[in-house]
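I opened my notebook to look up aromatic rings in one structure. Here is what I looked at.

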Amino acid sequence: MPKVTEEYIEEKKNFIMDIAMELMKKIPLYQITMRDFIKRMGCSQGMIYRYYKGVDEIYLDLMNREIAEIDIRNQISCCLQEDIAENEMLRKLFNLLGEYIVSVQQKIGGKFYYELLVTYAFDEKKQKELLPQLLLKQNLMFIQSQIVDYIMEKVETGRLALQLPIEQLAIYVGDTIDGISNHGALIGKDDVASIRPQMMQLYEMVGEYVITKVNSNGKENVDE
């Protein structure tokens, strides 16, 4: 039997993921089964199970494949190296956060984004086992941790002053961003680009709220 190469496996997985994209245009994500893939591919049951144990693995690989080229971590790292005032830095960071989420939704479609995250949201086991594997979730955690680290660094040097515990602020930001993102994916599922300005305004509002909570009396902190 000829040796199966990594390229061959990658090709087969990409083929299966492409079929997933086709199926999701016609069927709600939570209704798709491995049988749908087998029927669409015209293959044996054993063939598809050589590459994926179930539909969740296909969805994870698909989303990660589609958004891998969005290099948000490098953008955040470059932003943090800029020599700008604290408030301006926070605005830029939240702008990058919003741009990333909207770009992801445009890349994979609001429907896929919304259906995948909402489906997992009501399954505790999938939340623990699958969501951490999503590049989207990994990057959002990275961005939020970088924002928190930046704020704490400036608090320690006296440039910023927290008006509430950083843990509460982080929870607020995380929950609010999730809510805005899901709302945007739901109403813009067929045309995310059309609501981009509206969504970016909401992400910017979160940044402005954070600024009021890390400056004394909510005042602007500017370089002297």
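This is a predicted model: local features need pLDDT of at least 70, side-chain atom pairs count only at pLDDT 80 or more; totals for chains, interfaces and linings use all residues.

Residues are numbered from 1 along each chain as its sequence is written, and side-chain values use heavy atoms, with hydrogens and water left out.

**Entry: ring pairs.** I found two aromatic pairs. Rings of Phe, Tyr and Trp (its six-membered ring) pair if their centres lie within 6.5 Å; planes under 30 degrees apart are stacked, over 60 edge-to-face, and the rest tilted.

**Entry: Tyr59 and Phe112.** The ring centres of Tyr59 and Phe112 are 6.4 Å apart and the planes are at 65°, so I logged the pair as edge-to-face. Tyr59 is in helix α4 (residues 55-67) and Phe112 in helix α7 (residues 110-121), 53 residues apart. Helices are DSSP runs (H or I, at least four residues), numbered from the N terminus. Buried or exposed? Tyr59 is buried at 1% relative accessibility. Phe112 is buried too, at 4%. Buried means under 20% relative accessible area, exposed over 50%, partly exposed in between (1.4 Å probe, protein chains only).

**Entry: Tyr172 and Tyr209.** Their ring centres are 4.5 Å apart with planes at 45°, so this pair is tilted. Tyr172 lies in helix α10 (residues 166-187) and Tyr209 in helix α11 (residues 196-213). Tyr172 is partly exposed at 31%. Tyr209 is partly exposed at 29%.

**Entry: a charge.** The charged end of Lys13 sits over the ring of Tyr52, 5.4 Å from its centre. The cut-offs are NZ of Lys or CZ of Arg within 6 Å of the ring centre and within 35 degrees of the ring normal.

Key:
Helices (H or I, at least four residues) and strands (E, at least two) are DSSP runs, numbered from the N terminus.
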